[in-house]
Amino acid sequence: MSEKNKGYSFKKLFFRDVESDNKEKTISENSQKEGDSSVYKNAPMSVVNADQMLVEDFVQRLQNLINQNNQSGFDFLEFTETLFEEKQNPNPEVYKTVFRIAQKIDKSLTPARLLESAMFYKNLVQSTAEAEVSKGESKKNALQEEKDTEKKNLENNLKSTRTKIQQLTKQIQELQSQEVEMNNQLLAVDQKYSNQFVDIDKKITAIRIAKEEVLVSIVDIEAGIKSNLS
């Protein structure tokens with residue numbers, strides 16, 4: 001079977017639950033039926049909330065990885081492929097029948113060898129997935145740090161702006177108080193100078209009157225001199 005066809009079969013064999021309409025139910029049922037051998041036994045139930053496109057993309061990557069690392073000879077992959085070609089839900093008798101057929105192909109094949117190769121693929125998938133998860137977590141941490149830094153800078157700027165607003169508000173209040181005080185002083189200016197203007201006007205008037213009276217007296221005497229002594 002070609003690598004391409006193997007990949008297709010492996011998708012149906014190992015990851016057929018991914019395409020289920022009711023993922024949470026399937027995961028739960030498979031876990032109960034298959035025990036430790038279930039692909040999804042330790043999968044978090046939140047997987048049902050994952051983006052299906054992303055899940056399928058990574059499933060494909062894992063399939064490609066398995067294909068690229070397919071061990072030589074009749075191992076766990078070939079056994080699984082043959083097993084599910086016989087029946088989609090194999091019973092113990094199917095397992096035994098497929099194993100007898102496999103031993104005819106490879107007389108040295110043993111259950112222990114199948115389990116050993118199964119562990120190889122499990123470890124391969126596990127280490128690859130964990131490496132991707134680790135990369136994702138590192139990216140998350142870096143993103144969180146970037147977010148925290150941006151928030152902290154904005155909070156500091158906001159605090160500084162609020163302080164300036166408080167300072168400006170206080171200055172505005174002080175200026176408003178000064179405005180009221182100066183307005184009151186402005187209104188009192190007329191009153192302040194009014195009496196002084198009155199006093200000055202009285203003096204000016206008195207001087208003018210006194211001047212007229214003195215001039216009249218001088219003119220009278222001057223006229224008397226002219227008329228009596230000339």
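Reader: How many helices and strands does the secondary structure of the protein comprise?
Author: This is a predicted model, in which local features need pLDDT of at least 70, side-chain atom pairs count only at pLDDT 80 or more, and totals for chains, interfaces and linings use all residues. Residues are numbered from 1 along each chain as its sequence is written, and side-chain values use heavy atoms, with hydrogens and water left out. Helices (H or I, at least four residues) and strands (E, at least two) are DSSP runs, numbered from the N terminus. On that basis the secondary structure comes to six helices and zero strands.

Reader: Which residues is Asp75 in contact with, leaving aside its neighbours within four places in sequence?
Author: Contact means heavy atoms within 4.5 Å. With those neighbours set aside, the residues in contact with Asp75 are Asn70, Leu114, Ser117 and Tyr121.

Reader: What is the orientation of α4 to α6?
Author: Axes are lines fitted to C-alpha atoms, for helices over the stretch in contact, and angles run from 0 to 180 degrees between N-to-C directions. α4 and α6 (residues 111-229) pack with their axes 8 Å apart, at an angle of about 100°. Angles under 35 degrees count as roughly parallel, over 145 as roughly antiparallel, 65 to 115 as roughly perpendicular and the rest as oblique. Therefore α4 is, relative to α6, roughly perpendicular.
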